[in-house]
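Good morning, and thank you for coming.

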Amino acid sequence: MTLEICASTYQSAINAQEAGADRIELCSELAIGGITPSYGLLKTVVEALSIPVFVLIRPRSGNFTYSEDEFEIMRNNIQLCKDLGCAGIVSGVLNEDNSIDMDRTKALVELSKPLPFVFHRAFDWTPNPFESIEQLVDLGVERVLTSGQETSAEKGVDLLRQLKEETNGRIAILPGGGINSENIMVFKTAGFSEVHASATTIHPANEAPSIPMNSSKFFDESVLVVSDEKKIKAILEKSK
């Protein structure tokens, strides 16, 4: 089986290659589902690795419905990845009802060429997976990363299998979400030729800080966090 590792740091990328992984999906911030890595991380990893480096193009956490400015950022990042020699693009855009935004996703697919395009786990939010998978086939998407619309790919294996049978090789179904050495045979037995895993271990880095930098109110995919003009002006007025 082909093993893709979701690597969110330089060391993770190096470890993936040293362990024998076939390719990586490079991102940052796994805790929020991943966002586009920095230029510095992209350049360093592409230069260091000999295995293919696919890159997540996602400008922020939260939902997958983007403003025109955010979409422009995504386009710029795709071009940057092509210029740096990345092997593939992982991205996607949804409408407000979580159906696939065909126009914008098509634009990203076209811009990514000749690199292969992978539609990421935004697929797991779509209301009709069978309609959505056919739309992705029509758009020329090479593969879709999905947990089978469940909290883990193991729980979603029935839908994953159905999607694989329904598409019959017209698009690759890449199971991802909680895959490890204990359940990998579930996917091999089901006939999948590739899987996606993070294979992470949590290491204590230092003494637990007394002042946390994480904010629990931001870890909510049903909200968008935006700096507010009125609040900024109020601070400036009070500070004069």
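Predicted model: local features only at pLDDT ≥ 70, side-chain atom pairs only at ≥ 80, totals over all residues.

Which residues are buried in α2? They are Leu41, Leu42, Val45 and Val46. Buried here means under 20% relative accessible area, exposed means over 50%, and partly exposed lies in between, with a 1.4 Å probe and protein chains only. Helices (H or I, at least four residues) and strands (E, at least two) are DSSP runs, numbered from the N terminus.

Residues are numbered from 1 along each chain as its sequence is written, and side-chain values use heavy atoms, with hydrogens and water left out.

Let me return to α2. Viewed down the helix axis, the buried residues of α2 fall within an arc of 120°, so they line one face of the helix. The arc is that of the directions from the helix axis to the C-beta atoms. These buried residues pack against α1 (10–19), β2 (23–26), β3 and α3, where contact means heavy atoms within 4.5 Å.

A salt bridge is a side-chain nitrogen of Lys or Arg within 4 Å of a carboxyl oxygen of Asp or Glu. Glutamate 47 is exposed, at a relative accessible area of 56%, whereas lysine 43 is partly exposed at 29%.

How many salt bridges does a search of the whole structure find? It finds 13. Side chains of opposite charge can pair when their charged atoms come close. One of the salt bridges joins aspartate 124 to arginine 121, with the closest N and O atoms 2.8 Å apart. Here aspartate 124 is buried, with a relative accessible area of 13%, and arginine 121 is partly exposed, with 33%. Another links glutamate 142 to arginine 143, at 3.4 Å between the closest N and O atoms. Arginine 143 is buried at 8% relative accessibility, while glutamate 142 is partly exposed at 37%. Through shared partners, salt bridges join Glu4, Arg23, Glu142, Arg143 and Glu194 into one network.

A charge sits over a ring if NZ of Lys or CZ of Arg is within 6 Å of the ring centre and within 35 degrees of the ring normal. The charged end of arginine 104 likewise sits over the ring of phenylalanine 71, 4.8 Å from its centre.

I turn now to the nonpolar interior. A nonpolar core is a set of buried Ala, Val, Leu, Ile, Met, Phe, Trp, Tyr and Cys residues joined through side-chain atoms within 4.5 Å. The largest such core has 55 residues, of which Ile24, Phe119 and Leu136 touch the most other members. Its largest share, five residues, comes from α3. Setting aside neighbours within four places in sequence, isoleucine 24 is in contact with residues including Ala13, Val45, Leu49 and Phe54.

There is also a second, separate core of eight residues, among them Leu56, Val90, Val118 and Leu174. Valine 90 belongs to strand β4 (residues 88–91) and is buried, at 2% relative accessibility. The C-alpha atoms of valine 90 and leucine 56 are separated by 4.6 Å, although the two residues are 34 apart along the chain. Beyond neighbours within four places in sequence, the contacts of valine 90 include Glu25, Phe54, Val118 and His120.

Finally, helix α6 (residues 157–167). Which of its residues are buried? They are Val157, Leu159, Leu160, Leu163 and Thr167. Seen down the axis of α6, these residues fall within an arc of 160°, so they line one face of the helix. Their cover includes α5 (129–139), β6 (143–146), β7 (172–175) and α7 (184–189). Just after α6, asparagine 168 takes a positive phi of about 50°.

Thank you for your attention.
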